[in-house]
Amino acid sequence: MFITCCFAYNDITAECRQQTGSFVVTLKTDNHVDLGIILNYTQVKVLAEGLLSTLNQVPISELIDTNTSDILGDIQFRMDKPQANPVDHLEGDEAQCLQPHLSVPMAETSLSKIA
């Protein structure tokens, strides 16, 4: 399947939320074009690091001084924080259980082939 959609000239809303061990990333436009993908933790981390790596290689002047800067779209980002789950201890007290921080080592070779 090959899907192409240009969001560069539309105002979009990006949403990211955690859902049952995976992450849902959604891009929505005002004219009802929605793109949603479900990724696991490692996929989200590699994608985010790849985007940051790509952006860090481009001089900021190239991004700001474009001839089309007056017609480019805007973006809003929303993130839903995962809800803590109550856990019963042996004493019967309820406590909040937060998911532990997972770390994935990111070396240059671990970034999937970035086109």
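Helices (H or I, at least four residues) and strands (E, at least two) are DSSP runs, numbered from the N terminus. This is a predicted model, in which local features need pLDDT of at least 70 and side-chain atom pairs count only at pLDDT 80 or more, while totals for chains, interfaces and linings use all residues. Residues are numbered from 1 along each chain as its sequence is written, and side-chain values use heavy atoms, with hydrogens and water left out.

**Figure 1. The chain and its elements.** The chain contains two helices and six strands. Read from the N terminus, their order is β-β-β-α-α-β-β-β. Of the 115 residues in the chain, 14% are buried; buried means under 20% relative accessible area, exposed means over 50%, and partly exposed lies in between (1.4 Å probe, protein chains only). Among contacts (heavy atoms within 4.5 Å) with a separation of 6 or more, 43% join residues 24 or more positions apart. The accessible surface, computed by the Shrake-Rupley method with a 1.4 Å probe and, for residues, with only the protein chains shown as cover, comes to about 9700 Å², and carbon and sulfur atoms hold 56% of this area.

**Figure 2. The nonpolar patch on the surface.** L35, I37, L47 and L51 form this patch, and their accessible area together is about 330 Å². Patches consist of residues with over 30% relative accessible area and no salt bridge, where like charges are joined within 9 Å and nonpolar side chains (Val, Leu, Ile, Met, Phe, Trp, Tyr) within 5 Å. A salt bridge is a side-chain nitrogen of Lys or Arg within 4 Å of a carboxyl oxygen of Asp or Glu. Strand β3 (34-39) and helix α1 each give two or more residues to the patch. L35 is located in strand β3 and is partly exposed, at 36% relative accessibility.

**Figure 3. The aromatic pair of F23 and Y41.** The structure holds one aromatic pair. The ring centres of F23 and Y41 are 6.4 Å apart and the planes meet at 45°, so the pair is tilted. Rings of Phe, Tyr and Trp (its six-membered ring) pair if their centres lie within 6.5 Å; planes under 30 degrees apart are stacked, over 60 edge-to-face, and the rest tilted. Because F23 belongs to strand β2 (residues 22-29) and Y41 to helix α1 (residues 41-56), the pair ties together parts 18 residues apart in sequence. F23 is buried at 17% relative accessibility, whereas Y41 is partly exposed at 23%.

**Figure 4. Cysteines without a disulfide.** A disulfide is a pair of cysteine sulfur atoms within 2.5 Å, and the count here is zero. The cysteine sulfur closest to that of C5 is in C6, at 7.3 Å, which is too far for a bond. C5 is partly exposed at 40%.
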